Amino acid sequence: MRRTHGIRWVAAAVMFLVLLAAHPAVWAQGYPSKPIEYVIPFNPGGESDITARIQEQALERILGVNVNVTYKPGAGGALAWSQLKNLRPDGYTIMGANLPHTVLQPLQRGDAGYTTEGIHWAYIFESTPNVLVVRPDSPFKTLADFIAFAKENPEVITLGGSGSWTANHLGVLELEKAAGIDLTYIPFTGSGAAVPAFLGGHVTGLMTYNTMAVQYPDQMRVLAVASERRLESLPGVPTFKELGYDYVEGAYRGVAVPPGTPREIVRKLEDAFAQVNADPEVRRKMDENGFIIEDMRSDEANAFARARIPLYRQILQDVGAIN
């Protein structure tokens, strides 16, 4: 009897320790103590990847552990974001997240595999406006040339971009409505895939981000930028608004964590990304690549994302993408 009682006691003690180890409050203690996986929902070579690579060394120094950047492209980012809710909320997997993508996809698709409210932002650290680019040998020297041809030749111009129901995709729809033209949008799995297709002549142009224009100055002619005012990174490029088209669009990027991640872990990630954004070498590289630094901690970032739901619902209705 004593032997049986002892075995039961040991089994109960082991079960208690297992349950204790699985409790979120325990995960926060000593975090982080092992490598962190930083998942990018797009191909290598795009803005999310470039940013993660710029951040990587500073993150490792601040957090004291290795940060491993991995990739899970597909469905304009939705393939990865749909899996976020199933990941263990222990802070050892963080995921790049983008606006307006994480608002547009649930609104337009109905079932995107995730909800906007289900994306739990830890930090928003940058933004990039859309730009319309063509190759240097293109007959389109100006936006006026581009619009005039598109009016006379509906759906002939093909514009590539990063993903479906993303800032680039929406930008094409918004430009169509603002200019009264019909274009053909070709989605790629990220800017890293769209740019080679563009350079190879597979599409007429790109609705991409200012960072790609900065990266390929001799291989892209920028017709206009979708920002409120001209950019420091592209000072000679007019805005669409300057040229008479009320079109402002672009992407915000940050990191999200699985739902249920302890507040203590989120706070450590917030502090880490805030320090990364303040790092002089990181800021230099971000500026060189055309990224606009943003600093939104978790509460502000989540409120910012939720506030954009009615805004983008209205825009999707205006362009006829939803009822």
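Analyst: In this predicted model, helix 5 (residues 101-109) and helix 12 (residues 298-318) have axes that come within 9 Å and cross at roughly 50 degrees. That angle makes helix 5 oblique to helix 12.

User: Is the crossing of helix 5 and helix 12 left-handed or right-handed? And which residues make the contact?

Analyst: Helix 5 and helix 12 cross in a right-handed manner. From helix 5, the contact residues are Val 103, Leu 104, Leu 107 and Gln 108. Helix 12 supplies Ala 305, Arg 308, Ile 309, Tyr 312, Arg 313 and Leu 316. Sorted by class, the contact of helix 5 with helix 12 has seven nonpolar, one polar and two charged residues.

User: What about helix 7 and helix 12: at what angle do they cross?

Analyst: Helix 7 (residues 167-179) and helix 12 cross at roughly 55 degrees, and their axes come within 10 Å. Helix 7 and helix 12 are therefore oblique to each other. Their crossing is left-handed.

User: Which residues make that contact, and how many of them are charged?

Analyst: Leu 170, Glu 174 and Lys 177 of helix 7 make the contact with Tyr 312, Ile 315, Leu 316 and Asp 318 of helix 12. The contact of helix 7 with helix 12 divides into four nonpolar, no polar and three charged residues. Tyr 312 and Leu 316 of helix 12 take part here, and both also belong to the contact with helix 5.

User: Why do you keep giving both an angle and a distance?

Analyst: Two packed helices are described by the angle between their axes and the distance between the axes.

User: Then what are those values for helix 3 and helix 10?

Analyst: Helix 3 (residues 47-63) and helix 10 (residues 263-278) pack at an angle of about 130 degrees, and their axes are 9 Å apart. Angles over 145 degrees would count as roughly antiparallel and those from 65 to 115 as roughly perpendicular, so helix 3 and helix 10 are oblique to each other. Helix 3 passes helix 10 in a right-handed crossing.

User: Which residues meet there?

Analyst: Gln 55, Ala 58, Leu 59, Ile 62 and Leu 63 of helix 3 meet Lys 268, Ala 272, Phe 273, Gln 275 and Val 276 of helix 10. By class, this contact has seven nonpolar, two polar and one charged residues.

User: Changing topic: into which domains is the protein divided?

Analyst: There are domain 1 (36-127 + 250-319) and domain 2 (129-243). Their centres, taken over C-alpha atoms, are separated by 24 Å.

User: How many residues are in contact between the two domains, and what area do they bury?

Analyst: In domain 1, 29 residues are in contact with 26 residues of domain 2. Between them, the two domains bury about 2,000 Å², and 64% of that area is on carbon and sulfur atoms.

User: One last topic, the backbone. Where are the cis peptide bonds?

Analyst: Pro 32 lies in the loop between helix 2 (24-27) and strand 1 (36-40). Another joins Leu 99 and Pro 100, with omega of about 10 degrees. Pro 100 is in the loop between strand 3 (93-99) and helix 5.

User: And which residue other than glycine has a positive phi?

Analyst: Ala 75 has a positive phi, near 55 degrees, and is placed in the loop between strand 2 (67-71) and helix 4 (78-84). Most residues other than glycine have a negative phi, and most peptide bonds are trans.

Terms used
Residues numbered from 1 in each chain as written. Predicted model: local features only at pLDDT ≥ 70, side-chain atom pairs only at ≥ 80, totals over all residues. Heavy atoms only, no water. Axes fitted to C-alpha atoms, helices over the stretch in contact; angles between N-to-C directions. Helix = DSSP H or I, 4+ residues; strand = E, 2+ residues; numbered from the N terminus. Parallel < 35°, antiparallel > 145°, perpendicular 65-115°, else oblique. Left-handed = near helix turned anticlockwise from the far one by under 90°. Contact = heavy atoms within 4.5 Å. Nonpolar A, V, L, I, M, F, W, Y, C, P; charged D, E, K, R; others polar. Domains from an automatic or database assignment. Buried area = accessible area lost by both parts, 1.4 Å probe.
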